[in-house]
Amino acid sequence: PSAFLPQFMSLTDKFGRPITDLRISVTDRCNYKCVYCRTGNDGALYSDLAFSEYLRMCRVLVSLGITKIRITGGEPLLRRGVIDFVKELRSLDADEALDIALTTNGHLLAELVQPLKDAGLNRVTVSMDAVDRERFARITRVPDGFDNVLSGIRAVREAGLWPVKVNCVLMRGFNEDQIAAFGRFAREEGVVV
């Protein structure tokens, strides 16, 4: 909790544990059509809330002890203004203790990671369901996606936002045989899976 707040004003769960993490989905849109995802099959269902509204909520929640904000989606890098949003989040935190993270499919990451870091982003998690190009394309239904994601992961390393985490959804019949391949990929690329 924030040092200036009495303990009774901090957020806690039903067991009395402090709540310090917040996830914000800034868009329901995605540029992938993953076979397991509702958005991949039905498209976006929800409209985007204005960043000023997210920022107002974050300001209140940071004052109540939130120390980590994770920006997610859909695909958050599709949302126009996300870099400025990161900058605004950073401005909520005078002592720079706020941990600002992003979860992305990585498709647009190579071109946006440096501006995001400059805005105040601390960490990146990439969702990647196969390290085999053909399998990746079959799951995401995007033919050129794998190379873009790999470029994005490498750009994160070059930008110094390290370590990058890679999430994988394992599905029987799709990618359960990718476990050992992900281990090799993690070792070769220096990522955490």
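Which helices and strands each supply at least two residues of the lining of the largest pocket? Here are my notes on this predicted model, starting with that point.

1. The elements to look at are α1 (38–42), β3 (99–104) and α5 (133–140), each of which gives at least two residues to the lining of the largest pocket. The space inside this pocket comes to about 360 Å³.

2. Lys68 is found opposite Asp99 of β3.

3. On β2 there is another parallel pairing, with strand β1 (residues 21–25), over five bridges. Ile24 has Ile71 in β2 as its bridge partner. Strand β2 itself (residues 68–72) is mostly covered, with four of its five residues buried.

4. Ile71 turns up again in the largest nonpolar core, a set of 51 residues, where Ile69, Ile71, Phe85, Met128 and Ile153 have the most contacts inside it. Helix α6 (residues 145–159) provides the largest share of this core, seven residues.

5. Met128 deserves a look of its own. Leaving aside residues up to four places away in sequence, Met128 touches Phe136, Phe146, Val149, Ile153, Val166, Asn167, Cys168, Phe182 and Phe185. One of these contacts, Ile153, is like Met128 among the core residues with the most contacts inside the core.

Terms used
Residues numbered from 1 in each chain as written. Predicted model: local features only at pLDDT ≥ 70, side-chain atom pairs only at ≥ 80, totals over all residues. Heavy atoms only, no water. 1 Å grid on protein atoms, 1.4 Å probe; cavity = no way out; pocket = protein on both sides within 12 Å on 5 of 7 lines; lining within 4 Å. Points joined across faces, edges and corners; volume = space filled by probe spheres on them. Core = buried A, V, L, I, M, F, W, Y, C linked by side-chain atoms within 4.5 Å. Buried < 20%, exposed > 50% of the residue type's maximum accessible area, 1.4 Å probe, protein only. Contact = heavy atoms within 4.5 Å. Pairing = 2+ DSSP bridges.
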